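Here is a walk through the side-chain pairings in this model, written for someone who likes to keep the viewer open while reading. Take a look first, and then we can go through it pair by pair.

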Amino acid sequence: MRKKNYKGRCEKRVLAKCQDVCRTYDSIQYAYADVLQESEDIKEIRCNVLLDGLEMGDYTSDFVCVKSDGILMVRECVFRKFLLKPMTVKLLDASRDYWLRHGVTDWGLVIDEEK
């Protein structure tokens with residue numbers, strides 16, 4: 001989850017399952033985009049989807065995917081070291097609640113590996 005106009009380092013890529021250019025902002029997003037691209041269960045990928053009307057401000061969800069059975073799947077990418085930070089927890093709860101209100105039950109986190 002990021003601010004809408006995040007100014008950090010961005011890698012732009014063209015993925016076959018993504019209609020627009022896929023912009024990734026960290027190593028977790030970059031690697032997970034590859035996982036989604038290779039998955040046969042995923043039909044379409046949307047990156048950095050705006051959470052329209054979120055009370056906390058303009059934030060985006062990292063990945064919103066359409067699975068082959070037509071069900072939406074949402075994934076937020078988070079570094080393990082930020083998982084317990086109060087603002088991270090608040091943003092992730094807001095994202096989960098937002099998507100539940102929109103009927104999405106397949107919501108989850110993508111976390112970097114333990115070292």
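Asp26 and Arg2 meet through their side chains in a salt bridge, at 2.4 Å from N to O. (A salt bridge here is a side-chain nitrogen of Lys or Arg within 4 Å of a carboxyl oxygen of Asp or Glu.) The pair links distant parts of the chain, 24 residues apart: Asp26 is in the loop between β3 (22-24) and α1, and Arg2 is in strand β1 (residues 2-3). Helices (H or I, at least four residues) and strands (E, at least two) are DSSP runs, numbered from the N terminus. Both Asp26 and Arg2 are buried, where buried means under 20% relative accessible area, exposed means over 50%, and partly exposed is in between (1.4 Å probe, protein chains only).

A word on what you're looking at: this is a predicted model, in which local features need pLDDT of at least 70 and side-chain atom pairs count only at pLDDT 80 or more, while totals for chains, interfaces and linings use all residues. Residues are numbered from 1 along each chain as its sequence is written, and side-chain values use heavy atoms, with hydrogens and water left out.

How many salt bridges does a search of the whole structure find? The count is six. Side chains of opposite charge can pair when their charged atoms come close.

| Salt bridge | N to O distance |
|---|---|
| Asp26 and Arg2 | 2.4 Å |
| Arg9 and Glu11 | 3.2 Å |
| Arg75 and Asp106 | 2.9 Å |

In the Arg9 and Glu11 pair, Arg9 counts as exposed because its relative accessibility is 64%. Glu11, at 28%, counts as partly exposed.

Arg75 sits in strand β6 (residues 72-78) and is buried, at 15% relative accessible area. Its salt-bridge partner Asp106 counts as buried too, with a relative accessibility of 19%. Since Arg75 lies in strand β6 and Asp106 in strand β7 (residues 106-111), the pair ties together parts that are 31 residues apart in sequence. Salt bridges with shared partners also bring Lys67 in, joining Lys67, Arg75 and Asp106 into one network.

The side chains of Arg75 and Asp106 also make a polar contact at 2.9 Å. That term covers a pair of N or O atoms within 3.5 Å; within protein, one must be able to donate a hydrogen and the other to accept it, and residues adjacent in sequence count only if both atoms are side-chain atoms. Leaving aside neighbours within four places in sequence, Arg75 is in contact (heavy atoms within 4.5 Å) with several residues, including Tyr32, Phe63, Asp106 and Trp107.

Two of those contacts, Tyr32 and Phe63, bring us to the rings. The whole structure holds three aromatic pairs. Rings of Phe, Tyr and Trp (its six-membered ring) pair if their centres lie within 6.5 Å; planes under 30 degrees apart count as stacked, over 60 as edge-to-face and the rest as tilted. Tyr32 and Phe63 are edge-to-face, because their ring centres are 5.7 Å apart and their planes are at 65 degrees. Tyr32 belongs to helix α1 (residues 27-38) and Phe63 to strand β5 (residues 59-67), so this pair ties together parts 31 residues apart in sequence. Tyr32 is buried at 16% relative accessibility, and Phe63 is buried at 1%. Tyr98 and Trp99 are another edge-to-face pair, with 5.1 Å between centres and 85 degrees between planes, and both are buried.

Some rings have a charge over them, meaning that NZ of Lys or CZ of Arg is within 6 Å of the ring centre and within 35 degrees of the ring normal. Arg13 lies over the face of Tyr30, 3.9 Å from the ring centre, and the charged end of Arg96 is over the ring of Trp107, 5.9 Å from its centre.

What about the cysteines? There are zero disulfides in the structure, a disulfide being a pair of cysteine sulfur atoms within 2.5 Å. Cys18 is in no disulfide, and its nearest cysteine sulfur, that of Cys47, is 4.2 Å away. Cys18 is buried at 8% relative accessible area, and Cys22 is buried at 0%.

One backbone detail to finish. Most residues other than glycine have a negative phi. Asn48 is not a glycine, yet it has a positive phi of about 50 degrees. Asn48 is in strand β4 (residues 42-50) and is buried, with a relative accessible area of 18%.
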